[in-house]
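User: I would like to learn how to read a few features of a structural model, one at a time. Could you take me through them with the general idea before each case?

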Amino acid sequence: MPRKLDALPPVELNREPHPGWTPWVYLASGLGFSSSGRELVTAKLVGAVEMVGAKVFEPFADNNEGANNASEQSAYWAYRICQADVEAVRRCDAVFCCANGNPPDEGAMVEVGIAIGLRKP
């Protein structure tokens with residue numbers, strides 16, 4: 001099964017809005033770490049973003065981050081996930097962050113920082 005990352009536009013592509021344009025939005029959050037977060041909140045967020053006409057890249061589902069535990073992953077899995085998430089932020093047109101915790105999820109904050117550095121909304 002092809003990864004959703006492969007469906008994202010290349011970084012080099014000039015993605016200026018135009019009639020018929022569909023933006024890609026990266027959903028940054030820590031919600032995917034729990035089944036209730038995935039089922040009760042993430043699904044609604046994805047649906048709401050799609051309802052306004054965007055395509056959504058949700059890293060827990062689209063980068064296969066939803067393993068049950070670290071022992072189910074192969075060596076260097078965290079590094080590979082990090083690299084895939086950075087690539088997805090680079091290739092998406094915008095980042096939407098659900099910072100619902102106190103403190104907020106550290107990974108989501110890193111993804112927002114990358115988006116800010118890339119001048120993405």
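**Reading the features**

Analyst: A search of the whole structure, which is a predicted model, finds zero disulfides. As a general idea, a disulfide is a covalent bond between the sulfur atoms of two cysteines.

User: How many salt bridges does the structure hold?

Analyst: The criterion to keep in mind is a side-chain nitrogen of Lys or Arg within 4 Å of a carboxyl oxygen of Asp or Glu. The structure holds three salt bridges, and one of them joins the side chains of Lys4 and Asp62, with an N to O distance of 3.6 Å. Because Lys4 lies in the segment before strand S1 (24-29) while Asp62 belongs to helix H2 (residues 59-62), this pair ties together parts that are 58 residues apart in sequence. As to accessibility, Lys4 counts as partly exposed at 28%, and Asp62 is buried, with a relative accessible area of 15%.

User: Which residues are linked in a network of salt bridges?

Analyst: The network links Glu87, Arg90 and Arg91. The side chains of Glu87 and Arg90 meet at 3.0 Å, N to O, and these two residues both lie in helix H3 (residues 77-91), three residues apart, which is about one turn of the helix. The side chains of Arg91 and Glu87 form a salt bridge at 3.8 Å, N to O, and this pair, also within helix H3, is four residues apart, again about one turn.

User: How should I read helix H4, and what span does H4 reach from its first C-alpha to its last?

Analyst: A helix can be read by its span, by the faces it presents and by its ends. Helix H4 (residues 106-117) has 12 residues and reaches 16 Å from first to last C-alpha, close to the 16 Å expected at 1.5 Å a residue. Its buried residues are Ala108, Glu111 and Ala115; seen down the axis of H4, these buried residues fall within an arc of 60 degrees, so they line one face of the helix. That buried set packs against S1, H3 and S3, while the face turned away from the buried side carries the exposed residues Glu106, Val110, Ile116 and Gly117.

User: Which residue caps the N-terminal end of H4, and what phi does Arg119 take just after the helix?

Analyst: Asp105 caps the N-terminal end of H4, with a side-chain oxygen lying 3.2 Å from the backbone nitrogen of Gly107. Just after H4, Arg119 takes a positive phi of about 60 degrees.

User: Where is Ala94 placed, and with which residues is Ala94 in contact, leaving aside its neighbours within four places in sequence?

Analyst: Ala94 belongs to strand S3 (residues 94-98) and counts as buried, at 16% relative accessibility. Once the neighbours within four places in sequence are set aside, Ala94 is in contact with Trp24, Val25, Tyr26 and Pro121. Ala94 and Ala115 are 21 residues apart in sequence, and their C-alpha atoms are 7.4 Å apart in space; Ala115 is one of the buried residues of H4.

Key: Residues are numbered from 1 along each chain as its sequence is written. This is a predicted model: local features need pLDDT of at least 70, side-chain atom pairs count only at pLDDT 80 or more; totals for chains, interfaces and linings use all residues. Side-chain values use heavy atoms; hydrogens and water are left out. A disulfide is a pair of cysteine sulfur atoms within 2.5 Å. Buried means under 20% relative accessible area, exposed over 50%, partly exposed in between (1.4 Å probe, protein chains only). Contact means heavy atoms within 4.5 Å. The expected span of a helix is 1.5 Å times one less than its number of residues. The arc is that of the directions from the helix axis to the C-beta atoms. A polar contact is a pair of N or O atoms within 3.5 Å; within protein, one must be able to donate a hydrogen and the other to accept it, and residues adjacent in sequence count only if both atoms are side-chain atoms.
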